[in-house]
Amino acid sequence: METYEDHLGFKRKDLEGKRVLELGSGEREIFSKELKESVKDVDIVLLNPDYLNKEYRENISKQSNIRIAAIGQSLPFKDEAFDIILGLYSLTVFSAPYQNKEGASAWAKEILRVLKSGGKAILGPAGGGKDNEDAVESTKKEYEYIIKQLKEEKANVIIESYQPFSSKFIYNSRIVIEKPL
Ligand SMILES: C[S@@+](CC[C@H](N)C(=O)[O-])C[C@H]1O[C@@H](n2cnc3c(N)ncnc32)[C@H](O)[C@@H]1O
């Protein structure tokens, strides 16, 4: 849990009594496991498109969880469903515009839609890998566009600097999106 707190910049206490969505839960589902061990009253939903795959499902942890097979660009939840949305090392997988032109900006609007008023989303690290110059340029443009869009919806967007595990990311930062009350 320390790693998640450190990389996403929250305290486990902030999650007490909250309904949390994890975007991109990973095969080992480490976050939900550690969260349940360290926070008593928390309700977590795990989202991961890989749950569609039967073989993948057979290999995931046996812990009981609410698992949703879906993508961050199209969230199958009603508006204002979550207090907090967290994603470590998943934004870089699904937001990179050079990998996913159609959906690159859709995740930001979807997050804002399913967040409760006064809720917060933290995703990091931000920006795809430094694979090639095209990727760097298109990712920068996409992020400017996403931030502009969120600000038009009156959301507060903060780019916080931190040190990810690897230096291959374009931005050594996480994105914090706060939905106004
Ligand atoms: C590197 S793993 C994340 C690891 C995990 N957060 C952890 O802490 O162990 C990236 C995750 O993003 C998921 N993913 C891929 N495309 C996605 C999308 N479009 N929307 C949401 N999650 C996606 C992958 O299935 C995978 O679970």
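This report describes the fold, the ligand shell and selected backbone features of a predicted model.

## Basis of the model

Residue numbers start from 1 along each chain, following the sequence as written. Because the model is predicted, local features require pLDDT of at least 70 and side-chain atom pairs count only at pLDDT 80 or more, whereas totals for chains, interfaces and linings use all residues.

## Overall architecture

The protein contains six helices and seven strands; these are DSSP runs numbered from the N terminus, with helices (H or I) of at least four residues and strands (E) of at least two. Read from the N terminus, the order of elements is α-β-α-β-α-β-β-α-α-β-α-β-β.

Of the 181 residues in the protein, 33% are buried. A residue is buried if 20 or more other C-beta atoms lie within 10 Å of its own, exposed if 12 or fewer do, and partly exposed in between, with C-beta atoms placed from the backbone. Among contacts in the protein with a separation of 6 or more, 70% join residues 24 or more positions apart; a contact requires C-beta atoms, placed from the backbone, within 7 Å.

## Ligand shell

The ligand is surrounded by 19 residues, the closest being Gly24, Gly26, Ile71, Gly72 and Phe94. A residue is near a molecule or strand if its C-beta atom, placed from the backbone, lies within 6 Å of it. Helices H2 (30-38) and H4 (91-94) each contribute at least two residues to this shell.

By residue class, the shell comprises 10 nonpolar, seven polar and two charged residues. Here Ala, Val, Leu, Ile, Met, Phe, Trp, Tyr, Cys and Pro count as nonpolar, Asp, Glu, Lys and Arg as charged, and the others, Gly among them, as polar.

## Backbone features in loops

A cis peptide bond links glycine 124 to proline 125, with omega near -10 degrees. Proline 125 belongs to the loop between strand E5 (115-124) and H6.

Tyrosine 89, in the loop between strand E4 (82-88) and H4, is a residue other than glycine with a positive phi, near 60 degrees. Tyrosine 89 is partly exposed because 16 other C-beta atoms lie within 10 Å. Lysine 154 also has a positive phi, near 70 degrees, and sits in the loop between H6 and strand E6 (156-161). With 9 other C-beta atoms within 10 Å, lysine 154 is exposed.

## Serine 138

Serine 138 is part of helix H6 (residues 133-152). Serine 138 counts as partly exposed because it has 18 C-beta neighbours inside 10 Å. The C-alpha atom of serine 138 is separated by 9.9 Å from that of glycine 127, which is 11 residues away along the chain.

Notes. Contact = placed C-beta atoms within 7 Å.
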